[in-house]
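Here's a quick briefing on a predicted model, for someone who likes cut-offs spelled out. Have the sequence and the 3D view open as you read.

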Amino acid sequence: NRTKCRLWKSSQIWGFYKLKILYFAKIKEIIGKNEDSINIDEKTTIEDIVKKLKLIDESYKLAFKDLKNVKCSVNCSYINSFQTKVKNNDEIAFFPP
């Protein structure tokens, strides 16, 4: 079964953008919720987002402890690099391999 992609439209707020983040499987269980939204600037990479998330609390640190065990998609397309940049209206999803 393919997970339906739910593109999320956001609005620009004071030069920053809102980004929707979805969590699946073990990552969702560790964090204790299935989604977040955060403000990002226009030059943000997936790696930058992970760094921001790890600052929230210990559960995020644990969920993203080893990025070799985390896969990511942007707007329902798998990415090969955590250096991928995201922008306004993007939706990212994190899940185990």
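The largest nonpolar core has 22 residues, where a nonpolar core is a set of buried Ala, Val, Leu, Ile, Met, Phe, Trp, Tyr and Cys residues joined through side-chain atoms within 4.5 Å. Inside that core, the residues with the most contacts are I21, Y23, I46, I49, F64, I92 and F94. Two or more residues each come from β1 (17-23), α1 (25-31), β2, α2, α3, β3 and β5, and α2 gives the largest share, 4 residues. "Buried" here means under 20% relative accessible area, "exposed" over 50% and "partly exposed" in between (1.4 Å probe, protein chains only).

**Ground rules**
- This is a predicted model, so local features need pLDDT of at least 70 and side-chain atom pairs count only at pLDDT 80 or more, while totals for chains, interfaces and linings use all residues.
- Residues are numbered from 1 along each chain as its sequence is written, and side-chain values use heavy atoms, with hydrogens and water left out.

**Overall layout**
- The protein chain has 3 helices and 5 strands, in the order β-α-β-α-α-β-β-β along the sequence.
- Those elements are DSSP runs numbered from the N terminus: helices are H or I with at least four residues, strands are E with at least two.
- Of the 97 residues in the protein chain, 36% are buried.
- Take contacts (heavy atoms within 4.5 Å) between residues at least 6 apart in sequence: 56% of them join residues at least 24 apart.
- The accessible surface comes to about 6,400 Å², with 50% of it belonging to carbon and sulfur atoms; the areas come from the Shrake-Rupley method with a 1.4 Å probe, and for residues only the protein chains shown count as cover.

**Strand β5**
- 5 of the 5 residues of β5 are buried, so the strand is largely enclosed by the rest of the structure.
- Both of its faces are covered, with E91, A93 and F95 buried on one side and I92 and F94 on the other.
- β3 and β5 run antiparallel, joined by 4 bridges (strands pair if DSSP finds at least two bridges between them).
- Opposite A93 of β5 you'll find S73.

**Aromatics**
- There are 5 aromatic pairs in the structure; rings of Phe, Tyr and Trp (its six-membered ring) pair if their centres lie within 6.5 Å, and planes under 30 degrees apart count as stacked, over 60 as edge-to-face and the rest as tilted.
- One of the pairs is F64 with F94, edge-to-face at 4.9 Å centre to centre and 75 degrees between the planes.
- F64 sits in the loop between α3 (58-63) and β3 (71-74) and F94 in β5 (residues 91-95), so this pair ties together parts that are 30 residues apart in sequence.
- F64 is buried at a relative accessible area of 0%, and F94 is buried at 0% too.
- Y23, Y60, F64 and F94 form one aromatic cluster.

- In α2 (residues 46-54), the buried residues are I46, I49, V50 and L53.
- Seen down the axis, they fall within an arc of 100 degrees, so they line one face of the helix; the arc is that of the directions from the helix axis to the C-beta atoms.
- T45 is in the loop between β2 (35-40) and α2, and counts as buried at 7% relative accessibility.
- Beyond its neighbours within four places in sequence, T45 is in contact with F82, Q83, T84 and K85.

- A25, in helix α1, has a positive phi of about 55 degrees although it is not a glycine, and is partly exposed at 42%.
- C76, in the loop between β3 and β4 (77-78), has a positive phi of about 70 degrees, again without being a glycine, and is partly exposed at 27%.
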